[in-house]
Amino acid sequence: MTKRSVSKKVLAPALAALTFAASNVALAARDHISIVGSSTVYPFTTVVAERFSRATQYKTPVVESTGTGGGMKLFCQGVGENTADITGASRRIKQSELDMCNGNGVDVVEVLIGYDGIVLANARGEAPFELSRKDIFLALAKDVPNPDGSETLVPNPYKTWKDVNPALPAHDIEVLGPPPTSGTRDAFAELAMEGGCKKFDWIAAKKKEDKNAYKAICHNIREDGAYVEAGENDNLIVNKLVASPKALGIFGFSFLDQNADKVQGSLIEGEAPTFESIADQAYPVSRPLYIYVKKAHVNVVPGIKQFLAEFTNARAWGDEGYLADKGMIPLPTAKRQQVATDVRKLNALSNLAAK
């Protein structure tokens, strides 16, 4: 072995150690937790942050609502002072996002925090809608099955809800919803749109033939003005519904719960979006909520362990916890205990089959 190769073997680990040490020094210079992510999870992380700061000597975490997709991009940039410690997500992390994190040296700890329902709401004072997932798909998909009954697709021709289903009102289809960066949009496409799309057997059969083509049919939302991207701020959608009483809006159950004096949820396949119907999975458009934690930051940025302990304490996410008061649907007791144990161990998520 040459002197040069020996030097390389000695220097490489030394340089890695120096880089890691420098990163820790930089992180230690930041005295607060940085949280980004889902607008749906934002109210929950905010209230935990406030309770955490009142009960401890740590500074109040800075929480930003960036959307699930935007939060993942910020979170997965790498390790260091200028990167987020935690991101909230209104869907599970995608494999591509996990690969991006891992590729940038980010070990990810997954924390399932509870459940939420996605609602289609309209202004109080109007008649509530009673929809099926098939109605939702036909109203909002970019391309739909040809009304002539043939197994072909055509650009969405439906202008009113009555065009979609004679039992529905003759209001123009106008739906205010989140942009593609939103986890709510992803979950809505999967649970509501695809749930209706696969009612057509010939489209459902395409899933085995060409999964990407099937997903494109079922998930693509029309772009002719019937669906209006209203940003990541769900409170803004609520306010717009009050101003446009014939419109429907898409957002998480917690926002319906907090604005029950202004808006009402549509029944979907006979089920109203309620705390109980989401908890027992009777409501068909419900989803899990997560936070993701950067493992390398846990013992460096002050207070992350204590923040996680507060989030996974019964007083926060329990059946009678303050997050339930905010509209989050608690996990079953046994599941909460399992998640809390996993969080304490800080087990990194290596692939999506791991949990």
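This is a predicted model: local features need pLDDT of at least 70, side-chain atom pairs count only at pLDDT 80 or more; totals for chains, interfaces and linings use all residues.

Me: OK, strand S3. Are its faces buried or exposed?
Reply: Both faces are covered: Ile86 and Gly88 are buried on one side, and Thr87 and Ala89 are buried on the other. Buried means under 20% relative accessible area, with exposed over 50% and partly exposed in between (1.4 Å probe, protein chains only). Strand S3 itself covers residues 86–89; strands (E, at least two residues) and helices (H or I, at least four) are DSSP runs, numbered from the N terminus.

Me: Why do neighbours point to opposite sides?
Reply: In a regular strand the side chains alternate between the two faces of the sheet.

Me: Which strands does S3 pair with?
Reply: S1 (residues 34–37) runs parallel to S3, joined by 3 bridges. S13 (residues 286–294) is antiparallel to S3, with 4 bridges. Two strands pair if DSSP finds at least two bridges between them.

Me: And which residues face each other there?
Reply: Ile35 has Ile86 of S3 as its bridge partner, and Ala89 stands opposite Tyr290 in S13.

Me: Switching topic: how many disulfides are there?
Reply: The whole structure has 2, a disulfide being a pair of cysteine sulfur atoms within 2.5 Å.

Me: Tell me about Cys76. What is its partner?
Reply: Cys76 bonds with Cys101, and their sulfur atoms are 2.0 Å apart. Cys76 sits in the loop between helix H3 (68–75) and S3, and Cys101 is in helix H4 (residues 95–103), so the pair links distant parts of the chain, 25 residues apart.

Me: Why is that one called left-handed?
Reply: Because the torsion about the S-S bond of Cys76 and Cys101 is about -70°.

Me: And why does Cys76 count as buried?
Reply: Because its relative accessibility is 0%.

Me: What about the pair with Cys197?
Reply: Cys197 and Cys218 have their sulfur atoms 2.1 Å apart. Cys197 is in helix H7 (residues 183–197) and Cys218 in helix H10 (residues 211–219), 21 residues apart. Both cysteines, Cys197 and Cys218, are buried.

Key
Residues are numbered from 1 along each chain as its sequence is written. Side-chain values use heavy atoms; hydrogens and water are left out.
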